[in-house]
Amino acid sequence: MRLELRHLRVVCAIADAGSVTKAAASLGLAAPALTTQLQRIERTLGGQLFVRDRRGAHPTPLGELVLARARVLLPAMQGLQDEAAQFAGATGALPADGLGSYRIGAVNGPLIGGMVRRLAAAQPHAQLHTHPSWSAAELAGMLGDGRLDFALIGTCGEAQPPDSRLAWHTVAVAPVFVLLPDEHPYAEAAEVELATLAGARWAATPGDGCLADCFAAACTRAGFTPSPIHENDVGGVTDLVRGGDVVALCQPTFREVVGVRAVPLAGTPLRWRHLIGWHPEAPAAEVAPKLIQYATESYDDAIHLSPRYQAWLTRHP
């Protein structure tokens, strides 16, 4: 027997389920039939892939090796199929309602949810794949080599997005707010001067963008040097702020949770541009206007969910 991709899917299914019986149910097979298939795979590979006991099926060292390779090969093959389908579509007519599949990468921001929801409603049969990342450079690289159709990133102020060979459209330009704990003296203020926070400890989500440099420059203009920034994910940063240990920069569309408040910075010393990008020679370029519309509508939705941002926009039309 020759090893095929379907055999690797079987091995992954057993490892993910933790037992042959559960894997058989997920694959729509009888447990004895899957056991027989696993035995054939093991004979082909020359050794046992799983040890089975009362607690289930556990990979052997050989099984771990096969799983490591399978988890690389299977997504790569799926990516090849998706790219081939898009390439074939590029040489002919696109489906009447757009692409047959969409691969969208996004850094932390308010656009991806609304875009996916609108795409799913407009093209219920299209395949939608999302790729989260902290790195705008990574997403730009994936656009450049055809692994993504669209990328949602951000840049600080007028900084240029990565890779000038790609097409970028500005969806929105927004002020940067500061996230404060409820008990902070300025938590209920209409705005707070950056210099007032000179003695604070700061937290931020990871990223390779320009915000850290822009923030340091803004603090210098305000007359102080910020303390070292503690990096964490969104939930971790929120918890740190809620606990009163730190303050953090945030987007004005931040959905406030119990214990924290998003407050505008006086004079808007920092601005953030939301961008959508695509490769100008890819099939995605033909549907980019539709995706721009969805991104813009998604940002409008996010504004409507943020009373503080709406109030700021009223004061700064």
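This is a predicted model: local features need pLDDT of at least 70, side-chain atom pairs count only at pLDDT 80 or more; totals for chains, interfaces and linings use all residues.
Five strands make up an open sheet in the order E4-E3-E5-E12-E6, and their pairing is mixed. Its edge strands are E4 (127-132) and E6 (167-175), each of which pairs on one side only. Between neighbouring strands of this sheet the average turn is 20 degrees, with direction ignored. Strand E3 (residues 101-106) runs parallel to E4, and six bridges join the two. Within this pairing, Arg 103 has His 129 in E4 as its bridge partner.

E8 and E10 run parallel and are joined by two bridges; Trp 202 has Val 247 in E10 as its bridge partner.

Three bridges connect E7 to E10 in an antiparallel arrangement, and Phe 177 has Cys 250 in E10 as its bridge partner. On the pairing with E11, E7 is again antiparallel, this time with five bridges, and Val 178 stands opposite Val 263 in E11. In a regular strand, side chains alternate between the two faces of the sheet. In E7, Phe 177, Leu 179 and Pro 181 point one way, while Val 178 and Leu 180 point the other way, and all are buried. Because five of the five residues of E7 are buried, the strand is largely enclosed by the rest of the structure.

The loop that lies between E7 and E8 contains Pro 185. With a relative accessibility of 74%, Pro 185 counts as exposed, because the cut-off for that class is over 50%. Pro 185 and Asn 232 are 47 residues apart along the chain, and their C-alpha atoms are separated by 24 Å.

The structure holds four aromatic pairs. In one of them, the ring centres of Phe 177 and Tyr 309 are 6.1 Å apart and the ring planes stand at 80 degrees, so this pair is edge-to-face. The pair links distant parts of the chain, with Phe 177 in strand E7 (residues 177-181) and Tyr 309 in helix H10 (residues 307-315), 132 residues apart. Both Phe 177 and Tyr 309 are buried. Tyr 309 also pairs with Trp 312, at 6.2 Å centre to centre and with 40 degrees between the planes, which makes a tilted pair. These two residues, Tyr 309 and Trp 312, both belong to helix H10 and are three residues apart, about one turn of the helix. Trp 312 is buried, as is Tyr 309. Together, Phe 177, Tyr 309 and Trp 312 form one aromatic cluster.

The largest pocket holds about 1,100 Å³ of space. It is lined by 43 residues, and the closest to its centre are Asn 108, Gly 109, Thr 205, Val 234 and Gln 251. Several elements give two or more residues to this lining, including helix H5 (112-122), strand E8 (202-204), helix H7 (211-221), strand E10 (247-250) and helix H9 (284-304). By class, the lining of the largest pocket contains 25 nonpolar, 13 polar and five charged residues.

A search of the whole structure finds one cavity of 30 Å³ or more. The largest cavity has about 70 Å³ of space. Among the residues that line this cavity are Ala 106, Val 107, Pro 110, Leu 152, Trp 272 and His 274. Strands E5 and E12 (271-278) each supply at least two residues of the cavity lining, and E5 gives the most, with three residues. The cavity lining divides into seven nonpolar and five polar residues, with no charged ones.

Note on methods:
Residues are numbered from 1 along each chain as its sequence is written. Side-chain values use heavy atoms; hydrogens and water are left out. On a 1 Å grid over the protein atoms alone, a cavity is a set of points where a 1.4 Å probe fits but cannot get out, and a pocket is an open set with protein on both sides within 12 Å along at least five of seven lines; lining residues have an atom within 4 Å of a point. Grid points are joined across faces, edges and corners, and a volume is the space filled by probe spheres set on the points. Helices (H or I, at least four residues) and strands (E, at least two) are DSSP runs, numbered from the N terminus. Ala, Val, Leu, Ile, Met, Phe, Trp, Tyr, Cys and Pro count as nonpolar, Asp, Glu, Lys and Arg as charged, and the others, Gly among them, as polar. Rings of Phe, Tyr and Trp (its six-membered ring) pair if their centres lie within 6.5 Å; planes under 30 degrees apart count as stacked, over 60 as edge-to-face and the rest as tilted. Buried means under 20% relative accessible area, exposed over 50%, partly exposed in between (1.4 Å probe, protein chains only). Two strands pair if DSSP finds at least two bridges between them. Axes are lines fitted to C-alpha atoms, for helices over the stretch in contact, and angles run from 0 to 180 degrees between N-to-C directions.
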